[in-house]
Amino acid sequence: MSEEPRVAIVTGAARGIGAATARRLAADGLAVAVVDIEESATKETVDAIAADGGRALGVGADVSDRDQVEAAVARIAAELGAPTVLVNNAGVLRDNLLFKMTNADWDTVMGVHLRGAFLFSQATQKHMVDRKWGRIVNLSSTSALGNRGQANYAAAKAGLQGFTKTLAIELGPFGITANAVAPGFIVTDMTAATAARMKVDFEDLQKHAAAEIPVRRPGRPEDVAHTISFLVSEGAGFVSGQVIYVAGGPRD
């Protein structure tokens, strides 16, 4: 490992999977840029990392806006160091059945998930190429396989899988790996919002999900963070272009 600590960017890291991932990577010894739409929202994650003895920087940016993304990456490089680990985790839900889905529902989800991953990957890859080392992890989902009421989200998450495989091909010669992690049912604010949309009790939804999962429990953000920790590690340099389902059982 290099003498200087690796610098990681985790988007959508104010809470949920992103926050757990930022804390895990900091525990692994990386300096972490905690990115979210509002910089003030990153404080809890940044403070938790600092309390554990890690180094973190909170950065506000709309991941779908090129100018904001490029400014964020420039600030991170200046204040923490050149980022060579990127976790594209930022996401939003705009669920609706196809006949009710609006242009805004579609465009917002595509902008955050797909354009956001594209812009951050493009802005950080030059730092990775310069150092002949890099790790990119994109957050997909089991919804990529199809999910009622999520035509936009499913399309975006499936698109991220193709995007990941293409990055692996293009960036591999520069010592950069690209992989996707596709969580199943994870207990987060986002799944709580899904329960509210479905007008079901969140505890009941978790029990129902657990009964359908082979390991008989819902996932936790830390389950996903652990997998990401492996994929961005020094030892994972021969794993690239893969989609790993973190879902408590096999997926088709």
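**Figure 1. Surroundings of Thr 191 in the predicted model.** Leaving aside neighbours within four places in sequence, Thr 191 is in contact with Phe 185, Ile 186, Phe 202 and Leu 205. The model shown here and in the other views is predicted. Thr 191 belongs to helix α6. With a relative accessibility of 14%, Thr 191 counts as buried, because the cut-off for buried is under 20% relative accessible area. The side chain of Thr 191 has a polar atom 2.8 Å from the backbone oxygen of Ile 186. A polar atom of the Thr 191 side chain also lies 2.9 Å from the backbone nitrogen of Thr 188.

Figure 2. Helix α7 covers residues 202–212, and its buried residues are Leu 205, Gln 206, Ala 209 and Ala 210. Viewed down the axis of α7, these buried residues fall within an arc of 135 degrees, so they line one face of the helix. An α-helix has 3.6 residues a turn, so residues three or four places apart point the same way. The buried residues of α7 pack against α6, residues 189–198. On the face of α7 turned away from the buried side are the exposed residues Lys 207, His 208 and Glu 212. The N-terminal end of α7 is capped by Asp 201, which places a side-chain oxygen 3.0 Å from the backbone nitrogen of Glu 203.

**Figure 3. Strand β1 and its pairing with β2.** Strand β1 is largely enclosed by the rest of the structure, because 5 of its 5 residues are buried. Val 7, Ile 9 and Thr 11 point one way from β1, while Ala 8 and Val 10 point the other way; all are buried. Strand β2, residues 31–36, pairs with β1 in the parallel sense over 5 bridges. Within this pairing, Val 32 in β2 stands opposite Ala 8.

Figure 4. Strand β4 spans residues 83–88 and is mostly covered, with 6 of its 6 residues buried. Strand β1, residues 7–11, runs parallel to β4 and is joined to β4 by 4 bridges. Opposite Ile 9 stands Leu 86 in β4. Strand β5, residues 134–139, also runs parallel to β4, and 4 bridges join the two. Val 85 has Arg 135 in β5 as its bridge partner.

**Figure 5. Arg 6 and the ring of Trp 133.** Arg 6 lies over the face of Trp 133, 3.6 Å from the ring centre. As for pairs of aromatic rings, the structure holds 0.

**Figure 6. Glu 4, in the segment before β1.** Glu 4 is placed in the segment before β1. The relative accessible area of Glu 4 is 61%, and the residue is exposed. From C-alpha to C-alpha, Glu 4 and Ala 33 are 15 Å apart in space, and they are 29 residues apart in sequence.

**Figure 7. Ala 90, in the loop between β4 and α4.** Ala 90 has its place in the loop between β4 and α4. At 15% relative accessibility, Ala 90 counts as buried. Ala 90 and Ala 8 are 82 residues apart along the chain, and their C-alpha atoms are separated by 14 Å.

**Figure 8. Met 101, in the loop between β4 and α4.** Met 101 lies in the loop that runs between β4 and α4, the latter being residues 103–131. Met 101 is buried, with a relative accessible area of 16%. Apart from residues up to four places away in sequence, Met 101 touches Arg 94, Asn 96, Trp 106, Gly 149, Ala 151 and Asn 152. Asn 152 is 51 residues from Met 101 along the chain, with 8.5 Å between the C-alpha atoms.

**Figure 9. Thr 164 in helix α5.** Thr 164 is part of helix α5, residues 151–171. The relative accessible area of Thr 164 is 1%, and the residue is buried. Thr 164 touches Asn 138, Ala 178, Asn 179, Ala 180 and Gln 242, residues up to four places away in sequence not being counted.

Conventions: Residues are numbered from 1 along each chain as its sequence is written. This is a predicted model: local features need pLDDT of at least 70, side-chain atom pairs count only at pLDDT 80 or more; totals for chains, interfaces and linings use all residues. Side-chain values use heavy atoms; hydrogens and water are left out. Buried means under 20% relative accessible area, exposed over 50%, partly exposed in between (1.4 Å probe, protein chains only). The arc is that of the directions from the helix axis to the C-beta atoms. Contact means heavy atoms within 4.5 Å. A polar contact is a pair of N or O atoms within 3.5 Å; within protein, one must be able to donate a hydrogen and the other to accept it, and residues adjacent in sequence count only if both atoms are side-chain atoms. Rings of Phe, Tyr and Trp (its six-membered ring) pair if their centres lie within 6.5 Å; planes under 30 degrees apart count as stacked, over 60 as edge-to-face and the rest as tilted. A charge sits over a ring if NZ of Lys or CZ of Arg is within 6 Å of the ring centre and within 35 degrees of the ring normal. Two strands pair if DSSP finds at least two bridges between them.
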